[in-house]
Amino acid sequence: MFDIDRYFQRIGFEMLAGEAREDMLIRLHCRHSFAIPFEDFNPFCRVPVSLDLDRIFEKVILGKRGGYCFELNLLFQALLQKLGYEAAPIFCRPFSGEGVKLPLTHRLIKVSLEGKLWIADVGLGGNGWIAPLLFRVGEEQEQFGRVFRIVEDDELGYVVERKAERQFRKAVAFRLETAEESDFEMSNYYTSTCPTSPFVNRMMCTLPTKEGRYTIRDTVFRIEEKDGVRECLLCEDNLQNILEEYFGIMLTDEMNQFICRHIS
């Protein structure tokens with residue numbers, strides 16, 4: 001089922017002759033980040049979220065959907081491994097946009113390459129980074145106008161922070177121990193089915209651009225651009241056009257109907 005060529009087609013990636021492995025990793029991460037949105041339409045519409053790799057590939061690559069961290073980072077890790085990278089999962093803790101510490105409900109990828117360690121993540125959403133972060137504690141790393149750094153924390157191990165309004169805010173905390181695939185099953189079940197899970201209660205879809213971001217949050221569609229922000233309310237008439245034009249995805253009729261009942 002896993003077809004690298006179809007994956008490359010989905011994210012608009014082409015192999016370059018003689019390209020350094022490090023440069024290829026960065027370019028792969030960026031292309032994935034810009035092409036495949038973070039979205040929770042499955043749990044929001046009460047559709048099961050599978051962690052079977054073939055089913056994720058069918059949904060995201062063949063079905064041109066997005067997903068959340070347990071799906072997208074598993075998929076991207078599999079791609080890296082098939083391309084010969086030493087990639088392994090990390091189980092970690094995200095923070096809300098307001099800095100609230102959340103449960104252990106996030107998956108990262110650590111990539112060891114030529115004596116360097118990289119932290120990859122294509123499934124964090126609005127706090128996420130576009131290119132992989134080099135594991136260098138305290139060093140500010142800028143990418144497409146966004147600034148991140150990794151800091152040590154006595155309680156949490158390491159924390160990725162994102163600079164916003166001249167202040168660094170926590171995005172995700174992690175330790176470097178490799179997780180088992182079974183570690184993610186319980187968290188995925190909670191995030192995709194629990195009535196109090198934000199992924200069940202709130203509709204979220206977001207995709208970065210080089211100069212901003214497109215975001216759906218409940219009933220509001222937001223466009224962040226270099227010259228400002230625009231917003232509009234979602235409705236039955238504009239929902240599918242917005243999903244296709246800005247996020248490149250199409251939902252089933254049943255999911256569209258569920259969402260339209262929510263936003264009406």
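This is a predicted model: local features need pLDDT of at least 70, side-chain atom pairs count only at pLDDT 80 or more; totals for chains, interfaces and linings use all residues.
Student: Which residue takes a positive phi just after H4?

Tutor: Just after H4, Lys64 has a positive phi of about 50 degrees. Residues are numbered from 1 along each chain as its sequence is written, and side-chain values use heavy atoms, leaving out hydrogens and water.

Student: OK, what happens at the start of H4?

Tutor: Look for a polar contact, a pair of N or O atoms within 3.5 Å; within protein, one must be able to donate a hydrogen and the other to accept it, and residues adjacent in sequence count only if both atoms are side-chain atoms. Here a side-chain oxygen of Asp52 comes within 3.2 Å of the backbone nitrogen of Asp54.

Student: Which residues of H4 are buried?

Tutor: Buried means under 20% relative accessible area (exposed is over 50%, partly exposed in between, with a 1.4 Å probe and protein chains only). In H4, residues 53-62, the buried ones are Ile56, Phe57, Lys59, Val60 and Ile61. They pack against helix H1 (4-11), helix H3 (41-44) and helix H5 (69-82).

Student: How do H1 and H4 pack?

Tutor: Two packed helices are described by the angle between their axes and the distance between the axes. The axes are lines fitted to C-alpha atoms over the stretch in contact, with angles from 0 to 180 degrees between N-to-C directions. For H1 and H4, the angle is about 35 degrees and the axes are 10 Å apart. Contact means heavy atoms within 4.5 Å, and Arg6, Tyr7 and Arg10 of H1 meet Phe57, Val60, Ile61 and Leu62 of H4.

Student: Why does Gln141 count as buried?

Tutor: Because its relative accessibility is 11%, Gln141 counts as buried. Gln141 sits in strand S6, residues 141-143, and its side chain reaches the backbone oxygen of Leu134 at 2.7 Å. Leaving aside residues up to four places away in sequence, Gln141 touches Leu133, Leu134, Arg136, Arg146, Val147 and Phe148.

Student: How many residues line the largest pocket?

Tutor: On a 1 Å grid over the protein atoms alone, a pocket is an open set of points with protein on both sides within 12 Å along at least five of seven lines, a cavity is a set where a 1.4 Å probe fits but cannot get out, and lining residues have an atom within 4 Å of a point. The largest pocket has 45 lining residues, with Gly97, Gly125, Gly126, Asn127 and Arg217 nearest its centre. Strand S11 gives the most to this lining, with 4 residues. The space in the largest pocket is about 1400 Å³, where points join across faces, edges and corners and volume is the space filled by probe spheres set on them.

Student: And what is the volume of the second largest pocket?

Tutor: About 230 Å³. Its lining has 13 residues, and Asn42, Val47, Pro48, Arg55 and Lys59 are the closest to its centre. H4 supplies the largest share of that lining, 4 residues.

Student: How many cavities of 30 Å³ or more are found?

Tutor: The search of the whole structure finds 1. The largest cavity holds about 130 Å³ of space. Of its 15 lining residues, Ser33, Val122, Gly125, Trp129 and Pro208 lie closest to the centre.

Conventions:
Helices (H or I, at least four residues) and strands (E, at least two) are DSSP runs, numbered from the N terminus.
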